[in-house]
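Here's a quick tour for anyone meeting this protein for the first time. Take a look at the model, then read on.

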Amino acid sequence: MSLTTETPTAHSDAQRLLHHMARRSHVAPKRLVVPGPDNGQLTLIFSAAAHAPDHGRIQPWRFIMVPEHRRADLGEAFVRALLQRDPQASLEQRDAARDKAFRAPCLVVAVLSDAPSEPPVPRAEKLVSLGCALQNMLLVTQTLNLGSGLTSGQAMNAPALRELLALSPHEEAICFLNLGTVASHKPARPRAEASAFVSSL
Ligand SMILES: Cc1cc2nc3c(=O)[nH]c(=O)nc-3n(C[C@H](O)[C@H](O)[C@H](O)COP(=O)(O)O)c2cc1C
C-alpha cells in the first residue's frame, strides 16, 4: 500500500502555487497607485496573516493601518525622527522624509511583540512568525492582482514614530507594508536554484 499523501492534482496545485509566488516581487511605494485594496480585499489580506505559524499560540505581532487622514502625522513623525538623527537636516531632506508618508494608497505597519510569554518563545521565533504572516499577506495581495512592497528605514523605531503608533515598551515596528495598484512593472529578478541553499548532512 502506498503511503503517499499526494492526490492526483497535488503536484500541479503546488506548481501553480509556485508559479504564482514567482509573479510576486517588491514594488517600490512610488510605483503603487490608487486604487488600493478595498475593505473586502483588506479582510482577505489580513485573514492570510492569521494562518502564519505561531509557536505557543502567543500572537506575537499585530498590524496598524495608517489611513489617508493620518499620513500628515506620519510625515511629521518622519521629520522629527530625521531631525533627531541630524539636527542640521536641510529643508529638502525634511521634505523628502515627509513625502515618504504619502506614497502607497494603503500603508500598514507591521509590529513585533516581544512580551514575556508562557510558554517562553525566543524573539527570533516571533520574528519568523511575523515574516510568515507578511509573506501570506504579500501572496494574497498578489492573487488579488495588486502590488506590494515592504519598506523600513532609520525612523522605524525613533521615539517620534513609537509615540505616534503608541507602541508599548515590548513592541517594535519592523517594517511598513505598502499596497496598491502597480503603476509600472520592473523585470523579475533572478532567483537562486534550490541547490544553492540546500544541503544534506
Ligand atoms: C523587513 C523588510 C524590510 C524591507 N525594507 C525595504 C526598504 O526599506 N526599501 C526597499 O527598497 N526594500 C525593502 N525591502 C524589500 C526588499 O528590498 C525586497 O524584498 C528585495 O529587494 C527582494 O526583492 P523581492 O521582494 O522582489 O524578491 C524590505 C524587505 C523586508 C523583508
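Where does Q59 lie? Q59 sits in the loop between helix 2 and strand 2 (61-65), with helices (H or I, at least four residues) and strands (E, at least two) being DSSP runs numbered from the N terminus.

## Ground rules

This is a predicted model, where local features need pLDDT of at least 70 and side-chain atom pairs count only at pLDDT 80 or more, while totals for chains, interfaces and linings use all residues. Residues are numbered from 1 along each chain as its sequence is written, and side-chain values use heavy atoms, with hydrogens and water left out.

## The overall layout

The protein has six helices and five strands. Walk along the sequence and you get the pattern α-β-α-β-α-α-β-α-β-α-β. Along its principal axes, the C-alpha trace spans about 70 × 45 × 35 Å.

## Spots to look at in the loops

Back to Q59: this residue has a positive phi of about 50°, although it is not a glycine.

There are also cis peptide bonds to look up. One runs from V34 to P35, with omega near 0°, and P35 is in the loop between strand 1 (32-33) and helix 2. Another runs from E118 to P119, with omega near 5°; you'll find P119 in the loop between strand 3 (106-113) and helix 5.

## Two helices that cross

Now for helix 2 (residues 39-49) and helix 5 (residues 123-143). Their axes come within 7 Å and cross at roughly 150° (axes are lines fitted to C-alpha atoms, for helices over the stretch in contact, and angles run from 0 to 180 degrees between N-to-C directions).

Which residues meet there? From helix 2 come L44, I45, F46, A48 and A49, and from helix 5 come A133, N136, M137, V140 and T141, with contact meaning heavy atoms within 4.5 Å. By class, that makes eight nonpolar, two polar and no charged residues. Here Ala, Val, Leu, Ile, Met, Phe, Trp, Tyr, Cys and Pro count as nonpolar, Asp, Glu, Lys and Arg as charged, and the others, Gly among them, as polar.

## Around the ligand

The ligand has R24, S25, H26, L150, T151, S152, R189 and R191 around it, each with a heavy atom within 4 Å. Sorted by class, this shell has one nonpolar, four polar and three charged residues.

A polar backbone atom of S152 is 2.8 Å from one, a polar side-chain atom of R189 lies 3.0 Å from one, and an N or O atom in the side chain of R24 is 3.1 Å from one. On its own the ligand has 610 Å² of accessible area, and the protein covers 54% of that (areas come from the Shrake-Rupley method with a 1.4 Å probe).

Definitions and conventions
Polar contact = N/O pair within 3.5 Å; in protein donor to acceptor, adjacent residues only side chain to side chain.
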